[in-house]
Amino acid sequence: MARVAPSCGSIVVADWHQCKDSKEYFSRILHKKRRKNFGLLESPVMPPHVAVDTVHYKIFLSGKSGVGKTALAARLAGLNIPNLHYETTGIETTVVYWPVKLRENGRVLFFRLQLWDCGENTLRRFDHLLPACKEQVDAVLFLFSFTDRTSFDDLSNQIAKWTGTSVRHIVKLVVGTKFDLFMHCDVPERDVRDFQETWNLRVLRVGGEVSDGLGDVAPLLNCLAENLWHQDCVTAGSANHQSQQGTGTLR
Ligand SMILES: Nc1nc2c(ncn2[C@@H]2O[C@H](COP(=O)(O)OP(=O)(O)OP(=O)(O)O)[C@@H](O)[C@H]2O)c(=O)[nH]1
Ligand SMILES: [Mg+2]
């Protein structure tokens, strides 16, 4: 069954990081105006009178070597982006916390996004890595670079690896990197529009230095959170429906 993606800002409050009432929450992921680094066992600490639920997700970054997977993981976590390309020689994970306010009821949630980044060449060399990356994955970000036409043409191959009856429902978003290098752009806007229409997938754009602010990552993180939350609601809804009919079981 095809699932309809939510329209941007329909589920979570867009630009909430700019609102006064978000300060208490965003201050927990910042330290001296920079993003805090969270290890695997760390999490933001809220005062006892503020109860916030945390929802956990596994996100896989897919794309050709050099397209910017490691750089995107660093960008989303607020870390420095390496200027040179060092091929990732295994699986690296990065934890990103992002607070979100739901439109419907004003409820605040912390999204804990564990980003899985595996070097493309390593992935091809060792067959056991992709199954590990696919296990219990909630979303895939398909990356292409605006300066590398072949990475854009390769998207259909990347997406094909994640389509089929054996793959459970996952959120799929496309991210175009190196949008800042517009002088070297190899993928015209028209082709991006055609791609979006053909594949019915949203294309987001990133590029440039990582700033100290939250504004440059907010659109991508909000969009990802929104799609993940929507997917959970649809899955919970259909599981309820199936169990009422006696045809399915709740996991
Ligand atoms: N200007 C600019 N450079 C970028 C951007 N994203 C990545 N880069 C650069 O592109 C190069 C490759 O990026 P990586 O993130 O290492 O590529 P990767 O996809 O992880 O590559 P593998 O680990 O080999 O699969 C690095 O030199 C980055 O600094 C961007 O948005 N803008
Ligand atoms: Mg890498």
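# Reading a predicted fold, strand by strand

Tutor: Let's start with one pair: F144 stands opposite G176 in β7. This is a predicted model, in which local features need pLDDT of at least 70 and side-chain atom pairs count only at pLDDT 80 or more, while totals for chains, interfaces and linings use all residues. Residues are numbered from 1 along each chain as its sequence is written, and chains are lettered from A and ligands numbered from 1 in the order in which they are written.

Student: What do the labels stand for, and how many bridges join β6 to β7?

Tutor: Helices (H or I, at least four residues) and strands (E, at least two) are DSSP runs, numbered from the N terminus. Two strands pair if DSSP finds at least two bridges between them. Here seven bridges join β6 to β7, and the two strands run parallel. With β3, β6 again pairs in the parallel sense, over four bridges; L61 has L141 of β6 as its bridge partner.

Student: In what order do the six strands of the open sheet come?

Tutor: The order is β4-β5-β3-β6-β7-β8, with mixed pairing. β4 (91-101) and β8 (203-205) stand at the edges with a single partner strand each, so one side of each has no neighbour in the sheet. From one strand to the next, the twist averages 30 degrees. Such angles run from 0 to 180 degrees between N-to-C directions, with axes fitted as lines to C-alpha atoms, for helices over the stretch in contact.

Student: Which strands does β5 run with, and in which sense?

Tutor: β5 (residues 108-118) is joined to β3 (residues 53-62) by nine parallel bridges, and T54 has F110 of β5 as its bridge partner. Helix α2 packs on this sheet, touching β3, β4, β5, β6 and β7 (171-177), and its direction makes about 160 degrees with that of β5. Eleven bridges join β4 to β5, this time antiparallel, and the bridge partner of I91 in β5 is C118. β4 and β5 form a hairpin with six residues between them, and G106 in the turn has a positive phi of about 75 degrees.

Student: Is L115 buried or exposed?

Tutor: Count the other C-beta atoms (placed from the backbone) within 10 Å of a residue's own: 20 or more is buried, 12 or fewer is exposed, and anything in between is partly exposed. L115, in strand β5, has 23 such atoms, so it is buried. Two residues are in contact if their C-beta atoms, placed from the backbone, lie within 7 Å. Beyond four places in sequence, L115 touches I59, L61, A73, L76, T93, T94 and V96.

Student: How many residues of β6 are buried, and how many of α7?

Tutor: In β6, seven of its seven residues are buried. Both faces are covered: A139, L141, L143 and S145 on one side, V140, F142 and F144 on the other. Just after α7, N200 takes a positive phi of about 55 degrees.

Student: Which other residues have a positive phi?

Tutor: D15 is one of them, at about 60 degrees although not a glycine. D15 lies in the segment before α1 (23-26) and is partly exposed, with 13 other C-beta atoms within 10 Å. K32 has a positive phi near 50 degrees, again in a residue other than glycine. K32 sits in the loop between β1 (30-31) and β2 (34-35) and is exposed, with 6 other C-beta atoms within 10 Å.

Student: Which residues come nearest to ligand 1?

Tutor: A residue counts as near a molecule or strand if its C-beta atom, placed from the backbone, lies within 6 Å of it. Of the 23 residues around ligand 1, S65, G68, T70, A71 and T88 come nearest. Helix α2 (residues 69-77) gives the largest share of that shell, three residues.

Student: Where is confidence lowest and highest among the elements?

Tutor: pLDDT is the predictor's confidence in each residue, from 0 to 100. The chain's mean is 89, and 91% of its residues reach 70 or more. Confidence is highest in β6 (residues 139-145), at 98, and lowest in helix α8 (residues 218-244), at a mean of 84. Over residues 245-251, pLDDT stays under 50. Where pLDDT is low, the predicted coordinates should not be read in detail.
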